[in-house]
Amino acid sequence: MERSEQMEGKIPKPTIKRLAVYYRCLENLIKSGKETVSSQELGTYLNIKASQVRKDLSYFGEFGKRGIGYQTRRLLDGIAEILGIKRTWNVCIVGAGNLGIALANYPGLSKGGYHVKVIFDNNPAKIGMKLQNGLIVEDLKNFEKVTKEKEIHIGVITVPAESAQQVADIMLSSGIKGIINFAPVKLSIPKKIPVEEIDISLTFRALSFQISTQKNQ
């Protein structure tokens, strides 16, 4: 696969997120026996304009041929390489509340190559607790030591908003390469560190707005 020179530039976050959606769709197409797919077909499956599909993929080089479309397996492998799916990522979670525990026990993460190796908390009542998957909740005081031993790449924050920045600072000082933040607060993070801010409540609000708009039409 030839890489476009644009690969060196900054790829828009929405494009990266759509690549993950394309990947999931391609997996299903391959399972159904489909060997080729056009941008129009992909767009129809996902309710995305075909021109947007082509633009997203053009950032990374030429995947298909005009009039023929994309080979599903080749495109899947190409997107997997772009997204880093072909390698495994070690993950830690800080916050052994309901959300943190649910993420730690979620088998879909490991299937995607994201392996939760450790979960931390600073609550004495939770430290030492054994999860369903066998993980033991570690003391946050030992974060740097444990994450270096387990070669953690990605840190996930599931603590209350008032504690999120402190946890992020601990992650940064310990060499974590990327952060996923579920706390409803904007973190102050150096630009060189990738961060995904996930506010679940905003998703619900966006959906309720769409439902309300439909009622008024």
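1. V116 counts as buried, at 15% relative accessibility; the cut-off for that label is under 20%. The model is a predicted one, and this value, like those below, is computed from it. V116 belongs to strand β4. Apart from its neighbours within four places in sequence, V116 touches V91, I93, L103, A104, L109 and L135. As for S51, its C-alpha atom is 37 Å from that of V116, and the two residues stand 65 residues apart along the chain.

2. Two of the contacts of V116, L103 and A104, bring in helix α5, which covers residues 98-105. The buried residues of this helix are G100, L103 and A104. They sit on the same side of α5, because the arc that they cover around the axis is only 100 degrees. The packing partners of these buried residues are β3, α6, β4 and β6.

3. How many aromatic pairs does the structure hold? There is one. F120 and F143 form it, with ring centres 4.8 Å apart and planes at 45 degrees, so the pair is tilted; planes under 30 degrees apart would count as stacked and over 60 as edge-to-face. F120 is part of strand β4 and F143 of helix α7 (residues 143-149), so the pair ties together parts that are 23 residues apart in sequence. Both residues are buried.

4. The backbone deserves a look at two places. Most residues other than glycine have a negative phi. N47, which is not a glycine, has a positive phi of about 60 degrees. This residue is in the loop between α2 and α3, and N47 is exposed, with a relative accessible area of 75%. E151 is not a glycine either, and has a positive phi of about 55 degrees. E151 is in the loop that runs between α7 and β6. Is E151 buried or exposed? At a relative accessible area of 56%, E151 is exposed.

5. The largest pocket holds about 2,200 Å³ of space. It is lined by 47 residues, of which I16, L83, Y114, I180 and E196 are the closest to its centre. Helices and strands both take part: α1 (13-31), α4 (72-83), β3 (89-94), α6 (107-111), β4 (114-121), β6 (154-157), β7 (178-181) and β8 (195-197) each give two or more residues to the lining. Which element gives the most? It is α1, with eight residues. By kind, the lining residues comprise 30 nonpolar, five polar and twelve charged.

6. The buried residues of α5 pack against β4, among other elements. Strand β4 is also one of the elements that give two or more residues to the lining of the largest pocket.

Definitions and conventions
Residues numbered from 1 in each chain as written. Predicted model: local features only at pLDDT ≥ 70, side-chain atom pairs only at ≥ 80, totals over all residues. Heavy atoms only, no water. 1 Å grid on protein atoms, 1.4 Å probe; cavity = no way out; pocket = protein on both sides within 12 Å on 5 of 7 lines; lining within 4 Å. Points joined across faces, edges and corners; volume = space filled by probe spheres on them. Helix = DSSP H or I, 4+ residues; strand = E, 2+ residues; numbered from the N terminus. Nonpolar A, V, L, I, M, F, W, Y, C, P; charged D, E, K, R; others polar. Phe/Tyr/Trp six-rings, centres within 6.5 Å; stacked < 30°, edge-to-face > 60°. Buried < 20%, exposed > 50% of the residue type's maximum accessible area, 1.4 Å probe, protein only. Arc of directions from axis to C-beta. Contact = heavy atoms within 4.5 Å.
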